[in-house]
Amino acid sequence: MFNLGSMLNLGSTEPVIGRAHTVVECPAGEIFRYLGDGLFENYPKWSPEVKELQQITPGPVKLGTEGRQVRIDQGRRTESKFKISTYEPGVRLTLVGISDPFRCTYELQVINPEHSTKLTFSFELLEILAIMRPFEGLVRAAIKDGAERTVQNIKRLVETEKSMKASTHQELL
C-alpha cells in the first residue's frame, strides 16, 4: 500500500517512543506503592508538567482505574483521560490514554531484593497528528528527554522519602 504521509513528506506514522532507566536504591514494593498506590498524590511530583490530576473512578488505585490530567508541555496545554491497563504490584504499571493515543509504562526489576531496583519508564505516543509530523524529530527528542527526566525525578523523590523515613525511625529509637 501507499504511505501517503511518506509520499507527502509528512513524517512517519510510527509510534514515537521514549525510554529511560535508572537504578533506585529502594525495594521494588516501595517504589510500586509510590508509583501505583500513590499515583494520584505523587504523579504531579515526578511530572511537574501535570497541573491538574483527578481520579475519576472511586476506590483504591487498581487495574481499570481512570483519571484525568491537565498538562502544560512546552507551553502547550492538553487535557486527557487515561486508564490503568496493567497493575502488577512490584513489577509493572501501565497507563493508556482514553482520549489521546498514548501509553506509559513503569517497569520494576529487582536487582537486590531489599536495596535496589531497576526502574524503566517508557512513553509511547501512538500516533502523531498530521500537523505535527514535520516536527517529528523535535517531538521524538522532547519525549526522550521527558523519559530521562521522569526516571531521575522518581529516583530522587523515592530515595529522599526513604532516607527521611529512615532518619525519623532512627530518631524514634
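Start with the salt bridges: there are 11 of them in this structure, each one a side-chain nitrogen of Lys or Arg within 4 Å of a carboxyl oxygen of Asp or Glu. Before you click around, note that this is a predicted model, where local features need pLDDT of at least 70, side-chain atom pairs count only at pLDDT 80 or more, and totals for chains, interfaces and linings use all residues. Residues are numbered from 1 along each chain as its sequence is written, and side-chain values use heavy atoms, with hydrogens and water left out.

**Stop 1**

Select Arg68 and Glu52. They form a salt bridge whose closest N and O atoms are 3.1 Å apart. Arg68 sits in strand β3 and Glu52 in strand β2 (residues 50-55), so this pair ties together parts that are 16 residues apart in sequence. (Helices, H or I of at least four residues, and strands, E of at least two, are DSSP runs numbered from the N terminus.) Arg68 is buried, at 17% relative accessible area, while Glu52 is partly exposed at 38%. Here buried means under 20% relative accessible area, exposed over 50%, and partly exposed in between, using a 1.4 Å probe and protein chains only.

Next, pick Arg103 and Glu124, whose side chains meet in a salt bridge at 2.9 Å, N to O. This pair links distant parts of the chain, with Arg103 in strand β6 and Glu124 in strand β7, 21 residues apart. Arg103 is partly exposed at 30% relative accessibility, and Glu124 is buried at 12%.

Now go to helix α4 for Lys144 and Glu148, which are 4 residues apart, about one turn of the helix. Their closest N and O atoms are 3.6 Å apart. While you're at it, select Glu49, Arg71, Asp73 and Arg149: salt bridges that share partners join them into one network.

**Stop 2: Ser122**

Which strand holds Ser122? Strand β7 does. Ser122 counts as buried, at 4% relative accessibility. Leaving aside neighbours within four places in sequence, Ser122 is in contact (heavy atoms within 4.5 Å) with Gly18, Arg19, Arg103, Cys104 and Thr105.

**Stop 3: the nonpolar cores**

Show Leu35, Leu39, Trp46, Tyr106 and Leu119. Of the 30 residues in the largest nonpolar core, these touch the most other members. A nonpolar core is a set of buried Ala, Val, Leu, Ile, Met, Phe, Trp, Tyr and Cys residues joined through side-chain atoms within 4.5 Å. Among the elements that each supply at least two residues of this core are β1 (16-24), α2 (28-37) and β5 (92-97).

Zoom in on Trp46. Not counting residues up to four places away in sequence, Trp46 touches Tyr34, Leu35, Leu39, Tyr106, Thr150, Asn153, Ile154 and Leu157.

**Stop 4: the largest pocket**

Finish at the largest pocket, which has a volume of about 1,100 Å³. On a 1 Å grid over the protein atoms alone, a pocket is an open set of points where a 1.4 Å probe fits, with protein on both sides within 12 Å along at least five of seven lines; lining residues have an atom within 4 Å of a point. The volume is the space filled by probe spheres set on the points, which are joined across faces, edges and corners.

Select Asp73, Arg76, Phe123, Leu125 and Ile143: of the 36 lining residues, these are the closest to the pocket's centre. Which element gives the most to the lining? It is α4, with 9 residues.
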